Amino acid sequence: MNLMTESTLHEAEFYELIDYDEQIVCCHLCPHECKLESGERGICKARKNIFGKLYNLNYGFTEMRIDLIEKQHVYHFFPNSRAQTFVTFNCNLDCDFCTDPLKSFIDPEKNPAKKLSPDQAIMFGMASGSKVICFGESEPLISYEWVRDTAKLAKERGLKVLLRTNGYFKEAPLREILRFVDAVKIDIKATNNEGYIRLCGGGNFEHVKNSIKIIHEMEKLIELSIVIHDTFNNAEESVRKLSDWIKTELSPGVPLHLSRLKPAHRTKHLLPTSLELLEKTYNIAKEMGLQFVYLDDVPDHDSGNTYCPQCGELLIKRTSIGTEARRISLQGHCNKCQSPLKIIMS
Ligand code: SF4
Ligand code: SF4
């Protein structure tokens, strides 16, 4: 068990004292905007008001792993590279299909994970030989100050930074952290606000869309994903709507991953998404004009490959054995027709 004392805690950023006498603070990290009395913690459980100051209880707590970057379902950012992944804890949503509820809803004061300073984390990252540092699993932005400090150091030491988030955060902290991030994977939960409330107990798509637009506007590489299942919503209509929004508001070149449900947490009684429905939604997204659509967790399916949107050449082949860059240059151009593509290879 962690022994947290005020002197070992890390003061949070993006909050204000809204009642001096009652020591009430308001956290501005995410749109929940929790108003907390002294002793209370926010919805994420990881930020606590102690006598009128807000603390990030998760600063430094992490588990490390080295994964192939494809494990994060990110296909256009250093394909087939190893990424040093820092797993963080807690979340500001509560999705029915969360695959790791033990980490997402842990009590930070009982977290058995190791505590690393940003410097120690980057030393491990560099020693592993990975050129990419990834913050993923649960919601990394709940550990905001540690992730930001570590990402900043990673950039200073020449590493690339990938962030995997649900995108339900306020604009100011998002803009601040994006200064130190190269690529972002956003896991969209639903294509309307009702869907967020039903599936995640809160959150809303408008805020998530705003985050995506900011990331795109700041010219970060972005990949999007959504879990498809016939009990969640009208999957076909959702994918049509989402594809249209991506094409109109972002670019048809932004990759969209359609993910198969892995029954977990409150969806253990459901079956994984049928291939038939996944293929239907894949065809809809392609017909809507998206250039890069992928089916996740359907091994050895053609939809896991990357094809040139101009000439149709197979650029990157993905199978259950691994990923192979075939006809793409180090600059991210199709080797056949020379079209420049937003795929970062080196
Ligand atoms: S980050 Fe946590 S404490 Fe802050 S507003 Fe969001 S849920 Fe509340
Ligand atoms: S956003 Fe991710 S980590 Fe958070 S509850 Fe949903 S699935 Fe779990």
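Strand 14 (residues 256–260) of this predicted model is largely enclosed by the rest of the structure, because 4 of its 5 residues are buried, a residue being counted as buried if 20 or more other C-beta atoms, placed from the backbone, lie within 10 Å of its own. Helices (H or I, at least four residues) and strands (E, at least two) are DSSP runs numbered from the N terminus, and two strands are said to pair if DSSP finds at least two bridges between them. The model is a prediction in which local features need pLDDT of at least 70 and side-chain atom pairs count only at pLDDT 80 or more, whereas totals for chains, interfaces and linings use all residues. Residues are numbered from 1 along each chain as its sequence is written, while chains are lettered from A and ligands numbered from 1 in the order in which they are written.

Strand 14 pairs in the parallel sense with strand 13 (residues 221–228) over 5 bridges, and Ser225 stands opposite His257 of strand 14. Strand 14 also runs parallel to strand 15 (residues 293–296), to which 4 bridges join it, with Leu258 opposite Leu295 of strand 15. Strand 13, helix 7 (residues 235–250) and strand 14 make a right-handed β-α-β unit, in the sense that, with the strands pointing away from the viewer, the path from the first strand over the helix to the second runs clockwise. A right-handed β-α-β unit is likewise made by strand 14, helix 8 (residues 275–287) and strand 15.

Elsewhere, 3 strands form an open antiparallel sheet in the order 1-6-5, in which strand 1 (10–11) and strand 5 (47–50) are the edge strands, each pairing on one side only. Strand 5 is joined to strand 6 (residues 53–56) by 4 bridges in the antiparallel sense, and Lys48 has Tyr55 of strand 6 as its bridge partner.

The residues around ligand 2, taken as those whose C-beta atom, placed from the backbone, lies within 6 Å of it, include Cys91, Cys95, Cys98 and Cys200, together with Asp94 and Glu139.

The protein as a whole contains 8 helices and 18 strands, and 46% of its 346 residues count as buried. Its C-alpha trace spans about 65 × 45 × 35 Å along the principal axes. Of the contacts with a separation of 6 or more, 63% are accounted for by residues 24 or more positions apart, contact requiring C-beta atoms, placed from the backbone, within 7 Å.

Notes. Buried ≥ 20, exposed ≤ 12 C-beta atoms within 10 Å, placed from the backbone. Contact = placed C-beta atoms within 7 Å.
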